[in-house]
Amino acid sequence: MSPAQRQARFTVVGKPRRRVDARAKVTGQTRFADDLFLPRMLHCKLLRSPHPHARILRIDLRAAADPGVKLLLTGCDMPTPYGILPVSQDEHALCLERVRFVGDPVAAVVAVDEQTASEALDRIRIDYEPLATIASPREALETPEPKIQPYGDGNIHKKVALEFGDVDAAMASAESVFEDVFFYEGNTHLPIEQHAALAAVDPDGKLTVWSATQTPHYVHRALARVLGIPAAHIRVIATPNGGGFGGKSDPFNHEIVVAKAALLLGRPVKICLTREEVFYCHRGRHPVLMKLRTGVQADGRIVAMDLQTLLDGGAYGSYGVASTFYTGALQTVTYEVPRYRFRGCRAFTNKPPCGPKRGHGTPQPRFAQEVQLDKIAVALEKDPAELRKMQIAKPNSLTANFMRIGTIGLGECIDRVVEGSGWKDRRGKLPFGQGLGLACSSYLCGAGLPIYWNALPHSGVQLQLDRSGRVTAFCGATEIGQGSDDVLANLVAEVLGIDPFDLRLVTGDTDLGPVDLGSYSSRVTLMMGHAAIQAAERARDLIASAVSRRLGIPLERVVFAQRRVFDAEDPDKGVPFAEAVQIGEAQHGTLGTTGSYRPPESEAKYKGGGVGPSPAYSYSACVAEVRVHPETGWVEVERIWIAHDIGRALNPVLARGQVEGSVYMALGEALLEEMAYRRLPKHLSGALVHKYPSLLEYKSPTTLEMPDVVTYLVEQPDGAGPFGAKEVGQGPLLPVMPALANAVYDAVGIRVDEVPITPEKVLRAMADRKSRRFGPSDFPRIDWPEALRVAPPAEGGDGTAANEKPRRRKDDAIVAPDVAPTGLPPHPSTPEARRGVPSSSPASQPPEVLR
Amino acid sequence: MSTTSGTASSPDARTRMTLRINGESVDILFDTYKTLLEVLREDLGLIGTKHGCELGECGACAVLVDSRPVLSCLLLAVECEGCDVRTVEGLSQGSALHPVQETFADLGAAQCGYCTPGMLMTASALLERNPDPTRAEIREALSGVLCRCTGYLQIFEAVEAAGRILRGESTVKPPEEGR
Amino acid sequence: MMRCPRFRYLSPKTLHEACASLQDSGPATMLLAGGTDLVPNMKRRQQTPECVVSLRNVASLREFSSDRDRLRVGAMTTLAGITARPEVRERLGALFKAAAQVATPHLRNMGTLGGNLCLDTRCNYYDQGYEWRKAIDFCMKKDGEICWVAPGSPRCWAVSSTDTAPALVALGAEVELASREGARTLPVHGLYRDDGIAYLTLKPGEILSRILIPVPAAGEKSTYWKLRRRGSFDFPVLSVAAWVLRNSRGTVESARLVLGSVASLPRVADAASRLVGGILADDEIEAVAQEAAGLAKPLDNTDFSLGWRKKAARHLISGALRELRGDDPRILGPLARRAAELVPVA
């Protein structure tokens, strides 16, 4: 069957279905990491730093000894650094000589039970020498010493500058230039499941680690590196995550600690973090200050955009370099932006590290862009919906920064929410205190590049079929609640004409399945999906050829459907699926196939062009209706209309759930949630703490805050997606925050250029008769490096920068070796370390450890 | 109930008592400091009950005690003698799922599944008292359980659909596309 | 998982036994009612009793009875049990709305009226885990020296965060305190002291056993408004309980206004007396709201910013009084709309 025919007659794809793992979930039988109990299992607790920045002078473990305490660990037991990005291997399983935020782990206790372990923690004595602290990026810019990390420029982790075409010239020729400063506060993922991990030594001496991780493959690499044992002797099993949202995408301290402890003790060791510790793991949304200048023609058409971002990174690198690029990379994907300059800067501060949260780096500049567009529409007296529609990016085009766009369903998305909300009749016409706001967004369907450079597939699927008719699909992909297992079953079942429940799935296990890079960057449906289809088509072709020969059906007429394999023109002529597998096995031998996927090569060849390219982009449009109480500034969300260009909804029940879940998380960010910190009066205390690391004070919306949501799935199949599917897990979050801000403006005529939009801020904006605005007033002067100049495609560019030194080609390597950033000690496996090249980091005195 | 040192237990005491769980009487011996949540998960192997904060701030650990939803993380197990405790393991009858389990499964009300047991127990208690709740009553009844995945709307619809089944008005309906 | 520290556990069967247990078990003994306040505080090591005396099995503490004058509510009556009572729902608006808005439905099935009245005072520097508090070198209320909300202060400024106390004060209720020596009765307001640490006037060995609420006469009406970020879970950041007695012509004969969560104890607003003789006209309400709002001198130790909470106080007070006047709460702003839509879960 040709792909076209196949798509015309889906039997599984597109049907609203119960997800394959639903029964386990509704019976409470899904085994999350902390639900695992093994014989002789011990429990681990971490002692965390009470100082935001300090040198560790002495660790006295003597008083912690107890018959119930089986092991005490400190940083020197696991001195090898690790980190999710090869360029920022700056973390240690337990801090070596320095703590960098309140909550940085320093020691570990393994005991017979959690109570005994907790009690032993209290008896560990640590002497610290407190150091000056950095609480904000502005402080980091002004205070190069003491350095929080040995690398970077003072306390600046990373600066990037890119320019696509002559932006200043375009601004000069623009009819008007709009300039705004915005601030987007940090927030966190808050999965209800706390991070947990269990490690055990297998009977054959190999190591198994079960963990609530979204990225078992990257945890696998980090474990091999830090523990110094062959990766092939380590098995990582990602247990189903009780929510991830990006928060379980880094390798974490506790995973390495329990692995080390299990190896040393020969007994299973489990850890489950407290909620407070989950706040310290963080890796959530970066607080970002943004200055956005946009030049437009008289009709509102964008001629150039100039964006500066300043990110508060927290104490470690994490995904930070990628996050920094992401605050700029996708600004060109929603609308046509012919010329674009982006400069981003990430600072280190003495707070838990920020990283990727749903939308990774994009919601912040998207908020700025979409609120500013609303201001432009008001200034030019244009309908904000029309202003956007007239300049949507072109399908099958290259953006100014060389992102290859495929299909764009944004126009239809806008039409749907405009129509559904009664936008044309109601916007600007509701009574004072009520308003409608609109915003749009675009997002990627999987990062075009892996975290570490390699020439291998991003996702692999293996199928095994046997004579019982059983089909097992093996894949490293990780179920975090989004339904990746269901996508896998869905696609294989579609191709083989069976029911998704017929499959057995083995996922998230580095021993049993081929690598999938993990559940991040909205990549699983697209990448695993392609691999699954390829593996299934190969299996189908094997069976089809055998059945065709055996039953005498012309090959092109062999159909797989309804658990049968039969003649398209004579459906009675055929066999049940199990029998077809037997026929296949008889002809070909044991049946097994593989499929894999690697995204197409990006056209963005300049340095930094690795962040942003994706096989496809999803689009969303949102209208929010709010009611603002003028006396208190209280904002109530009456209703949300949201349309998402998903390409094709593989399972509409799950797709709708992702859209509504995104709206929910977005409402929390927009109105309630923040990762706020408190510094005590400096003359009395050096404390710099999370204001309230608890589920009570971190205000996640309850059922009572959730408004009705009208969801439209816009389906314009994209050739780059599996059966045309695009992502749905992250994109729909992005337009909601700006839509709300724009609705507040429509309701009471004020601008809150900040997230979250709290009653305090609304009231202060209303009280400011002159500006009618609340938000940051200025963007600090940053000493930017010279921008890499890349000519946009429309100006004859080829994707390289005119002023960039030719880069070393990596073509020879299959997997690039890790390169530590300048300043960090070289990893033992690097050639530098093997040659004995001295580390360039300042000599650090390891603490004295008393046992 | 007995503790290792009589009525006034020493700080190290363990408590022996009979607990009625999911219709069965179970003799257990546990550390007196433990909450019902800890005893369920660690001493009875009933890991269906989850935890997200252990401080009464999320609702993931909701179970039914004498038919009322309560938080097992704040209830000392020693306080449960003579009570009838029901957990998600006791919701289905053999292999037959409770209607609210069926509708949660069909209508996308469980994404990651972590808050699901707490939601299910709370919803089943609501439907037991009131098989025809309004949307407002459902919102209120479930307002003590946080879900970070779904945005709650598919959960509300699942509770409503389960009510229709319990009232005999329908069997499990196929979900509709979109809204 | 967070664990309770080890403790001794006693479970007396009678009030007399409970009083004896409390007195005989040493100073580090605490009473356990619903557990929704004590258990999390124990897990965070804010309260570390060596001995816990459970009131669960004291049957007499669960009484609920009434005569012509008074409603007698045993201290162990759950908050859900309170809201389920038609006499509360129909006639004691302030108590109903206060009890119905405590925490979450689950916690109201556990938490008791007596426990809510004795709720530990709260503060963002205190309601934290042990490690967090260690990071700020603790605070005056527990293990430390300084009150971080007001570092020069000789006293602790933790906030009275009980919902039901302001309501019961407004309703003119009393509490009965039992001890081995016998019982005494206090107006609810007399139970509190303006000190974040020693916030109760209970004497050692005393147990709050009963709440006595006057049965409302014709013309009495009361309500309770609660400010918080979310409609569930959250403690009050500011609350207003209001009660009026009006004659058949609508003239106010008596009025009480009580502010919660603005100090270490519920604050009675004397300004309410200015309503007497009036008809709850707009200007009367505004004048009283302005004056009473002056009592709200919040410190930066709860949710929301200081300045905004002060502004909100006036809105809450005037809204509550307008509701008593008979205005439709649904037009009185989002807080009233929420409260008006309260659905008690039986």
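## A pair of helices in chain A

In this predicted model, helix α6 (residues 216-227) of chain A and helix α7 (residues 253-265) of chain A have axes that come within 10 Å and cross at roughly 50°. That angle makes α6(A) oblique to α7(A), since angles under 35 degrees count as roughly parallel, over 145 as roughly antiparallel, 65 to 115 as roughly perpendicular and the rest as oblique. Axes are lines fitted to C-alpha atoms, for helices over the stretch in contact, with angles from 0 to 180 degrees between N-to-C directions. Helices (H or I, at least four residues) and strands (E, at least two) are DSSP runs, numbered from the N terminus.

On the α6(A) side, the contact is made by V219(A), A222(A), L223(A), V226(A) and L227(A); α7(A) contributes E255(A), I256(A), A259(A), K260(A) and L263(A). Two residues are in contact if their C-beta atoms, placed from the backbone, lie within 7 Å. The residues of this contact comprise 8 nonpolar, no polar and 2 charged. Ala, Val, Leu, Ile, Met, Phe, Trp, Tyr, Cys and Pro count as nonpolar, Asp, Glu, Lys and Arg as charged, and the others, Gly among them, as polar.

Strands β19 (residues 459-465) and β20 (residues 471-475) of chain A pair in the antiparallel sense over 5 bridges; pairing requires at least two DSSP bridges. L465(A) stands opposite V471(A) in β20(A).

## Where chains A and C meet

This contact takes 34 residues from chain A and 28 residues from chain C. In chain A, α3 (114-121), β27 (634-645) and α19 (759-767) each supply at least two residues of the side that touches chain C.

## Chain B

Chain B has 5 helices and 6 strands, and buried residues make up 62% of its 179 residues. A residue is buried if 20 or more other C-beta atoms lie within 10 Å of its own.

## Conventions

Residues are numbered from 1 along each chain as its sequence is written, while chains are lettered from A and ligands numbered from 1 in the order in which they are written. Local features need pLDDT of at least 70, side-chain atom pairs count only at pLDDT 80 or more, and totals for chains, interfaces and linings use all residues.

Terms used
Buried ≥ 20, exposed ≤ 12 C-beta atoms within 10 Å, placed from the backbone.
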